[in-house]
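Thanks for taking a look at this one with me. Here are a few points to read with the structure open beside you.

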Amino acid sequence: MTGAAPSMELPLPEAIPPPIPPAALSPISAATARPAATPPPIPAAARSPIPRATPSPDVAPGRKRRRAAQLVPGARIGVWRIERELGRGGMATVYAVVHTRFGKRAALKLAHSAILGPQFTAATFLREARVANLVNHPGVIDVFGTGSHTGRPYLAMERLEGRSLGAVLESGALPRDTAIEILLELCDVLEVAHAAGVTHGDLKVDNVFVLDQPGAGGRRTKLLDWGIARIAGEDDPLRGMIAGTLTYVAPEQIRCDDVTPAADVYALGVLAYRLLLGEPPFAAATDLDLLRKHLCGVPPSPRTRWPAIPAELEAVLVAMLAKQPEARPRLCEIAGVLRATRRQIRPRPVRTWIAPVAAIPPDVIGRPVLAKLPGRAQRITGAALGVALVIASLLRVLSA
Ligand SMILES: Nc1ncnc2c1ncn2[C@@H]1O[C@H](COP(=O)(O)OP(=O)(O)OP(=O)(O)O)[C@@H](O)[C@H]1O
Ligand SMILES: [Mg+2]
């Protein structure tokens, strides 16, 4: 991906403002997601300047995209030789590399120097290696090495062949059954991550990689970019920052509340809107308006974009975007509804059809066809039809 959607951290201003009073947030009923009479104020953390990185709404609050120093093909990063650039996000550039001695092909994610500072150190960046390895699942990118190049930390990981889901969507919407397959794979990988105490925290189309060749178990996707994941029971190095991507960020991430697995369910809901209905639930002219909509906007009814949507799926999509984390459905419930929808929308398999020949009007297969056949073929066809008639009569007798 060309890095259309960086996810970045937004440091809080020095003087951290008091949190939003609960009363200001509570008018939003999570289940019904009705708008508050007076929209709650945006937390000051979110009000601090949020430069827009690109015109795309899939942009993390927090930073401008800065151009990293170019590393050209053939250049060395430690034991790795660069072949080409694979993608670029808000945190890093990812290169296709080859090990200079063993010839192993890999991807190398090199941090942009501009993101590093006292609040986001090299160790914070390299944490992604440990997090990704905590989640033992074939749908998680395999990170196997770390290092530093001219003061910039890097991760070495398996090189994937394919495109990010964001890049895939740029070529057009996916068929709904494919979209459901992808959502089911994400439910699966997130369930395992959550069971391991890991919340991804930055689920979005650019962090889902669609493989050219299905992987283990026929999987089509891998979940990338565990750089801002939270680990249950561990200090959150991103505490006091809004970390996430604007289009997908859950209300509690904006409020700087504790980020739990429910934040991934919210982002998955946004992603499901995008995949199944064509657009994310919320869009706005400014970043602040977008944050406000996450906090108190009503998601548009899925039916307006998919009139024949099964009622159960519609309800679960809206519930995933509940403002209160605890009101969001569990991943297994979401997966159950997605599976039921898949059964409903899958094209019916072509079945063998048996019916008495007499049931078919002669002008469909009878005389006009036979009339065109030469004498011998006419006899064979007639005999075949006779046999079919006998079999059909027998079947009718047997089934009576
Ligand atoms: N292992 C890989 N193999 C192939 N391409 C990759 C790999 N890892 C990342 N990419 C590509 O590079 C892009 C950026 O990677 P990644 O999301 O990890 O960077 P980031 O800077 O953390 O992004 P963000 O802006 O989301 O913070 C991805 O969208 C993908 O297209
Ligand atoms: Mg990314």
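1. Start with helix 3, residues 122-134, which lies across strand 5 (105-111), strand 6 and strand 7. Its direction makes an angle of about 170 degrees with strand 6. Do keep in mind that this is a predicted model.

2. You can check the length of helix 3 yourself. With 13 residues at 1.5 Å a residue, helix 3 should span 18 Å, and the 19 Å between its end C-alpha atoms agrees with that.

3. Which residues of helix 3 are buried? They are F125, R127, E128, V131 and A132. These buried residues pack against strand 5, strand 6 and strand 7, and also against strand 9 (198-199) and strand 12 (230-231). As a reminder when you look along any such element, an α-helix has 3.6 residues a turn, so residues three or four places apart point the same way.

4. Six strands form an open sheet in the order 2-3-4-5-7-6, and their pairing is antiparallel. Strand 2 (76-77) and strand 6 (143-149) are at the edges with a single partner strand each, so one side of each has no neighbour in the sheet.

5. Finally, the wider picture. The chain has 14 helices and 13 strands, and 40% of its 400 residues count as buried. Among contacts in the chain with a separation of 6 or more, 68% are between residues 24 or more positions apart.

Conventions:
Residues numbered from 1 in each chain as written. Chains lettered and ligands numbered in written order. Predicted model: local features only at pLDDT ≥ 70, side-chain atom pairs only at ≥ 80, totals over all residues. Helix = DSSP H or I, 4+ residues; strand = E, 2+ residues; numbered from the N terminus. Buried ≥ 20, exposed ≤ 12 C-beta atoms within 10 Å, placed from the backbone. Contact = placed C-beta atoms within 7 Å. Pairing = 2+ DSSP bridges. Axes fitted to C-alpha atoms, helices over the stretch in contact; angles between N-to-C directions. Expected span 1.5 Å × (residues − 1).
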